[in-house]
Amino acid sequence: MLDLPIDSKIKTRSYSIASAPNGTNTLELLISLNEQGLGTPYLFNHVRAGYHLPLSQPAGKFMQPPYTSIDTDICLICTGTGIAPFRAFLHDVKNRNIPYKNIDLIFGSRYERDLLYREEMEELTKTLPGFRYITVLSREESSSYNGEKGYVHAVYEKLYADKRPAMFYLCGWKVMIKEARDKLQNMGYDKKVIKFELYD
């Protein structure tokens with residue numbers, strides 16, 4: 001939570017950490033500008049290098065377990081800036097050489113230009129064996145885009161139609177998460193293996 005000097009009854013705003021732990025006091029936040037809001041316009045227009053902002057310790061329950069190894073498939077489903085915690089997770093797996101089976105990242109957005117960390121994720125597919133990066137665009141009309149189109153739900157329903165053991169992590173738009181939770185449970189997955197973080 002950042003404590004911002006803005007004209008609002010509630011001055012704190014929460015943002016997701018997009019960087020993996022590295023033993024330093026540096027962290028990265030993934031922040032999307034909402035021009036109609038108060039918090040992000042302040043950050044984008046006023047904050048510069050050397051600026052001091054009060055912040056809280058990391059909070060919430062949407063955290064990577066203290067893995068020493070991962071014994072089931074992991075499916076990361078996100079939209080928009082919901083990719084932030086998954087970027088941190090993937091780099092932590094790589095940095096600590098955590099043994100794992102397969103990891104799927106299904107990233108939904110509207111347009112190709114909105115695919116955050118695209119080059120970085122494509123590079124990780126070359127260095128993390130068993131990692132798949134799947135993009136799904138709902139409004140893209142360009143003929144040059146050769147990824148999935150529509151919504152994320154059709155992708156994980158197809159990939160996990162065999163109902164193999166897996167953990168699902170959901171982060172992003174509220175409507176997507178609610179629908180994904182219902183669909184995954186209808187597929188036969190217990191709610192205990194479905195972790196989520198909501199934002200709007």
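Which residues of helix 4 are buried? They are Val 152, His 153, Val 155 and Tyr 156. Seen down the axis of helix 4, these buried residues fall within an arc of 160 degrees, so they line one face of the helix. The arc is that of the directions from the helix axis to the C-beta atoms. On the other side of helix 4, Ala 154 and Lys 158 are exposed. Buried means under 20% relative accessible area, exposed means over 50%, and partly exposed lies in between (1.4 Å probe, protein chains only). Helices (H or I, at least four residues) and strands (E, at least two) are DSSP runs, numbered from the N terminus.

The model is predicted: local features need pLDDT of at least 70, side-chain atom pairs count only at pLDDT 80 or more, and totals for chains, interfaces and linings use all residues. Residues are numbered from 1 along each chain as its sequence is written, and side-chain values use heavy atoms, with hydrogens and water left out.

Helix 4 also takes part in a pocket. Strand 4 (103-109), helix 4 (152-159) and helix 5 (174-186) are the elements that give two or more residues to the lining of the second largest pocket. Helix 5 gives the most, with 3 residues. The volume of this pocket is about 260 Å³. Its lining has 15 residues, of which Thr 79, Ser 138, Tyr 151, Trp 173 and Met 176 lie nearest the centre. By class, the lining has 6 nonpolar, 6 polar and 3 charged residues. Here Ala, Val, Leu, Ile, Met, Phe, Trp, Tyr, Cys and Pro count as nonpolar, Asp, Glu, Lys and Arg as charged, and the others, Gly among them, as polar. On a 1 Å grid over the protein atoms alone, a pocket is an open set of points where a 1.4 Å probe fits, with protein on both sides within 12 Å along at least five of seven lines; lining residues have an atom within 4 Å of a point. Grid points are joined across faces, edges and corners, and a volume is the space filled by probe spheres set on the points.

Helix 5 also holds Arg 181. Arg 181 counts as partly exposed, at 27% relative accessibility, and lies over the face of Phe 196, at 4.3 Å from the ring centre. Likewise, Arg 113 lies over the face of Tyr 111, at 4.3 Å from the ring centre. A charge sits over a ring if NZ of Lys or CZ of Arg is within 6 Å of the ring centre and within 35 degrees of the ring normal. Arg 181 and Ile 194 are 13 residues apart in sequence, and their C-alpha atoms are 7.0 Å apart in space.

Rings also meet one another. Rings of Phe, Tyr and Trp (its six-membered ring) pair if their centres lie within 6.5 Å; planes under 30 degrees apart count as stacked, over 60 as edge-to-face and the rest as tilted. By this rule there are 4 aromatic pairs. Tyr 42 and Tyr 51 form an edge-to-face pair, 6.3 Å centre to centre with 70 degrees between the planes. Tyr 42 is buried, with a relative accessible area of 14%, whereas Tyr 51 is partly exposed, at 36%. Tyr 160, Phe 168 and Tyr 189 form one aromatic cluster.

Asn 97 lies between helix 2 (84-95) and strand 4, and is exposed, with a relative accessible area of 65%. Its phi is near 50 degrees, a positive value in a residue other than glycine.
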